[in-house]
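Welcome! Let us take a friendly walk through the side-chain contacts of a protein model.

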Amino acid sequence: MELSAQLLESKLKRHKFSFTYDDNNKMLCLSNSSISLGAIIAYIFIPIIFLVVVAAFTFLNLRVLSVWQNLAMLIPVILVVVFSIRVFRQKIKKSKSLKIFCPDRFVIVDGSFRMEVPLADMQGIEKSLTDNDHSLGDLLLVTNKRNYMLLSLFDETGRYMEDDLDFFKKYLNELWFAGKEPMYA
């Protein structure tokens, strides 16, 4: 069963990847995925504004709440901002290079650096969910020598994360290991 190119396209668009797909050669080129403006506003700007307001109340001695109540409100906001910045930096770092998926090889191009992994070196694809709420997930190519980052996905709700990772894993298994079982699944 061949996976639909339209379904692949819709899933890549959902995760905001820039891509080109050549149906004749079964070649997929992925470049970096973007982070939506809404996510940046919701996870970084709003908590920072809240942080500034609460800090102003605390340090200007405005007696709306006690100092301890203000500090109790600051701690979760600081944690949200730090976590969000960490997730966004990790996503940008993981998806900044051009990745080319061909039936006989995997190619990574990052600036002047170019690396090819031939099909003979590939052992399989591993899925990894890095957060408890399944909002961040990765697909790794397992080879004889090391693992390579194929995709890094961020889903604010985590609702589609596992399903999408399974779809991409199935698609790449079909592309690279069609008709034979990968050594590492």
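## Before we start

Buried means under 20% relative accessible area, exposed means over 50%, and partly exposed lies in between. By that rule Asp 164 is buried, because its relative accessible area is 0%. Please keep in mind that this is a predicted model.

## Aromatic pairs

A pair of aromatic rings is described by the distance of the centres and the angle of the planes. Searching the whole structure turns up four aromatic pairs. One of them joins Phe 101 and Trp 176: this pair is tilted, with 5.9 Å from centre to centre and 35 degrees between the planes. The two residues come from distant parts of the chain, 75 residues apart, with Phe 101 in strand S3 (residues 98-102) and Trp 176 in helix H4 (residues 161-177). Phe 101 is buried at a relative accessible area of 1%, and Trp 176 is buried at 2%. Ring pairs also bring in Phe 106, which makes a cluster of Phe 101, Phe 106 and Trp 176.

Phe 167 and Phe 168 form an edge-to-face pair, with centres 5.7 Å apart and planes at 70 degrees. Phe 167 counts as buried at 8% relative accessibility, and Phe 168 is buried as well, with 2%.

## Charges over rings

Two positions show a charge placed over a ring. Lys 11 lies over the face of Phe 167, 5.3 Å from the ring centre. The charged end of Arg 14 sits over the ring of Tyr 160, at 4.2 Å from its centre.

## Salt bridges

Side chains of opposite charge can pair when their charged atoms come close. The count here comes to nine salt bridges. In one of them, Asp 164 meets Arg 14, and the closest N and O atoms are 2.9 Å apart. This bridge links helix H4, which holds Asp 164, to helix H1 (residues 5-14), which holds Arg 14, across 150 residues of the chain. Arg 14 is partly exposed at 33% relative accessibility, while Asp 164 is buried. Both belong to a salt-bridge network that links Lys 11, Arg 14, Asp 163 and Asp 164.

Lys 127 and Asp 166 also meet in a salt bridge, at 2.7 Å from N to O. Lys 127 is in strand S6 (residues 122-129) and Asp 166 is in helix H4, 39 residues apart. Lys 127 counts as partly exposed at 27%, as does Asp 166 at 35%. Another salt bridge, between Glu 116 and Arg 114, spans 3.0 Å from N to O. Glu 116 is partly exposed at 41%, and Arg 114 is partly exposed at 49%.

Conventions. Residues are numbered from 1 along each chain as its sequence is written. This is a predicted model: local features need pLDDT of at least 70, side-chain atom pairs count only at pLDDT 80 or more; totals for chains, interfaces and linings use all residues. Side-chain values use heavy atoms; hydrogens and water are left out. Rings of Phe, Tyr and Trp (its six-membered ring) pair if their centres lie within 6.5 Å; planes under 30 degrees apart count as stacked, over 60 as edge-to-face and the rest as tilted. Helices (H or I, at least four residues) and strands (E, at least two) are DSSP runs, numbered from the N terminus. Buried means under 20% relative accessible area, exposed over 50%, partly exposed in between (1.4 Å probe, protein chains only). A charge sits over a ring if NZ of Lys or CZ of Arg is within 6 Å of the ring centre and within 35 degrees of the ring normal. A salt bridge is a side-chain nitrogen of Lys or Arg within 4 Å of a carboxyl oxygen of Asp or Glu.
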